[in-house]
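Me: Hey, I'm new to this one and would like a quick tour. Can you take me through it bit by bit?

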Amino acid sequence: TKLNVGLLFGGCSGEHEVSISSARSIAQALTAEPNAQKYKLLPFYIGKDGGWRSPEIAQQVLSSGTAISVFEEKPNRWQFPAEVSAVDVWFPMLHGPNGEDGTVQGLLKLMQVPFVGSEVLGSSAGMDKIAMKMVFAQAGLPQVNYVAVTRSQVWSNACVFPKLCDEIESQLGYPCFVKPANLGSSVGISKVRTRAELEAALDNAASYDRRIIVEAGVVAREIECAVLGNEQPKASVVGEITFQSDFYDYETKYTVGEAEWFIPADLPPSVASEIQERAIQAFMALDCAGLARVDFFYVESTGEVLINEINTLPGFTATSMYPQMWVTSGIPYPELVDQLIQLALARHTK
Ligand code: ADP
Ligand code: MG
Ligand code: MG
């Protein structure tokens, strides 16, 4: 008998559309041979309103590739489509808040049904850039200097805010990067070079998140590594992203032709293997499971490798970095989908 795979996509985050694209590729891989012999696709679409929609509606979204933005009925967030009870294993493919951050993982865990990817701790600690950097520091992973800031500090009286900016300037200097702590796809991130830009960027980031991180800017090549596994995770070959824009911002990420990638990256073998080792260390330090893409800065002038971030549910279209790094490492896309489901089942039965 076939296993019902609950493909969960869409979601309440700025990365709703990206999630639909990722889910389309996964759906295709599940419904083609050889996976179609083992698995039955049971898709669920989470609307931008947070409501879970039936496989019938989800299938429409998968076929058209476009979000449904308005639903007649109000969502009942505590009532799920009846088909939810038939799911044998969940494949959440939600990016960003309300999906990659441990919230949905907690719900799936309470359902006592196995699911692909990290559990609550790995997901939430991986999403929050401040928590993530604290864990990386403890694990001895080199990274840029940073200052953690809260919204209340940014939106405080005229006495606290200038002191905060003084402290950031003296600790980090310019340029620095101001980021909401719990987002992705570069949403809300600014590169700042002056006091006025810093003040505006902090205010902007505070509109996205209670928690904000400011990091010293580095001039570096951007290298990514895919990790796959549970207790003994493996690292893929590493890949590089290049672009003309000032940094890898939202537009550069999602406009065709703005960024180019190279897999494997053209790096000295020792640097590549250092990155692979650190990627696995980062994965284990956060107690990740299944998959994660770990992103690095390689400062060519000094030879330094700095960890930038981990993404526990990275972009997963057939042409995305994570699957493509595995393709080059010898695991075709449909087999990767199969392995991830098997890893979810293996963790659940232990
Ligand atoms: P997201 O989770 O949204 O992808 P990142 O922390 O990866 O956020 O930042 C997005 C991009 O911004 C990076 O890929 C890089 O181009 C640039 N960037 C972020 N932090 C720094 C930094 N400290 N120094 C230089 N560039 C940075
Ligand atoms: Mg990220
Ligand atoms: Mg990133």
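Me: Let's begin with the ligand. How do the residues of the shell around ligand 1 divide into nonpolar, polar and charged?

Reply: Eight are nonpolar, five are polar and six are charged in the shell around ligand 1. Keep in mind that this is a predicted model.

Me: Okay, and how many residues surround ligand 1, and which are the closest?

Reply: There are 19 residues surrounding ligand 1. The closest are Lys129, Lys179, Ser186, Glu222 and Lys253.

Me: Which strands each supply at least two residues of that shell around ligand 1?

Reply: That would be strand 6 (176-180), strand 8 (211-216) and strand 13 (304-311), each with at least two residues in the shell.

Me: What does Lys253 do at close range, which atom of ligand 1 does its polar side-chain atom lie 2.7 Å from?

Reply: An oxygen atom of ligand 1 sits 2.7 Å from a polar side-chain atom of Lys253. On the backbone side, a polar atom of Ala216 is 2.9 Å from a nitrogen atom of ligand 1. Val218 also has a polar backbone atom 3.0 Å from a nitrogen atom of the ligand.

Me: And how much of ligand 1's accessible area does the protein cover?

Reply: On its own, ligand 1 has 550 Å² of accessible area, and the protein covers 96% of that.

Me: Switching to helices. At what angle do helix 1 and helix 3 pack?

Reply: Helix 1 (residues 16-31) and helix 3 (residues 55-64) pack at about 95 degrees, and their axes are 9 Å apart. So helix 1 is roughly perpendicular to helix 3.

Me: Which residues meet there, between helix 1 and helix 3?

Reply: From helix 1 you have Ile20, Ala23, Arg24 and Ala27, and they meet Val61, Leu62, Ser63 and Ser64 of helix 3. Five residues of this contact are nonpolar, two are polar and one is charged.

Me: What about helix 1 and helix 13, where do their axes stand?

Reply: The axes of helix 1 and helix 13 (residues 333-349) cross at roughly 90 degrees and come within 9 Å. That makes helix 1 roughly perpendicular to helix 13 as well.

Me: Who touches whom in helix 1 and helix 13, which residues meet?

Reply: Ser22, Ser25, Ile26, Ala29 and Leu30 on helix 1 meet Tyr333, Pro334, Val337 and Ile341 on helix 13. The contact has seven nonpolar residues, two polar ones and no charged ones.

Me: New topic, the backbone. Is the peptide bond from Glu33 to Pro34 cis or trans?

Reply: The bond from Glu33 to Pro34 is cis, with omega near 5 degrees. Pro34 belongs to the loop between helix 1 and helix 2 (35-38). The bond from Tyr174 to Pro175 is cis too, with omega near -5 degrees, and Pro175 is in the loop between helix 8 (160-172) and strand 6.

Me: Last one: is the phi of Gln112 positive or negative?

Reply: Positive, about 60 degrees, although Gln112 is not a glycine. Most residues other than glycine have a negative phi. Gln112 is found in the loop between helix 4 (103-111) and helix 5 (120-127).

Note on methods. Residues are numbered from 1 along each chain as its sequence is written. Chains are lettered from A and ligands numbered from 1 in the order in which they are written. This is a predicted model: local features need pLDDT of at least 70, side-chain atom pairs count only at pLDDT 80 or more; totals for chains, interfaces and linings use all residues. Side-chain values use heavy atoms; hydrogens and water are left out. Axes are lines fitted to C-alpha atoms, for helices over the stretch in contact, and angles run from 0 to 180 degrees between N-to-C directions. Helices (H or I, at least four residues) and strands (E, at least two) are DSSP runs, numbered from the N terminus. Angles under 35 degrees count as roughly parallel, over 145 as roughly antiparallel, 65 to 115 as roughly perpendicular and the rest as oblique. Contact means heavy atoms within 4.5 Å. Ala, Val, Leu, Ile, Met, Phe, Trp, Tyr, Cys and Pro count as nonpolar, Asp, Glu, Lys and Arg as charged, and the others, Gly among them, as polar. A residue is near a molecule or strand if one of its heavy atoms lies within 4 Å of it. A polar contact is a pair of N or O atoms within 3.5 Å; within protein, one must be able to donate a hydrogen and the other to accept it, and residues adjacent in sequence count only if both atoms are side-chain atoms. Accessible areas come from the Shrake-Rupley method with a 1.4 Å probe; for residues, only the protein chains shown count as cover.
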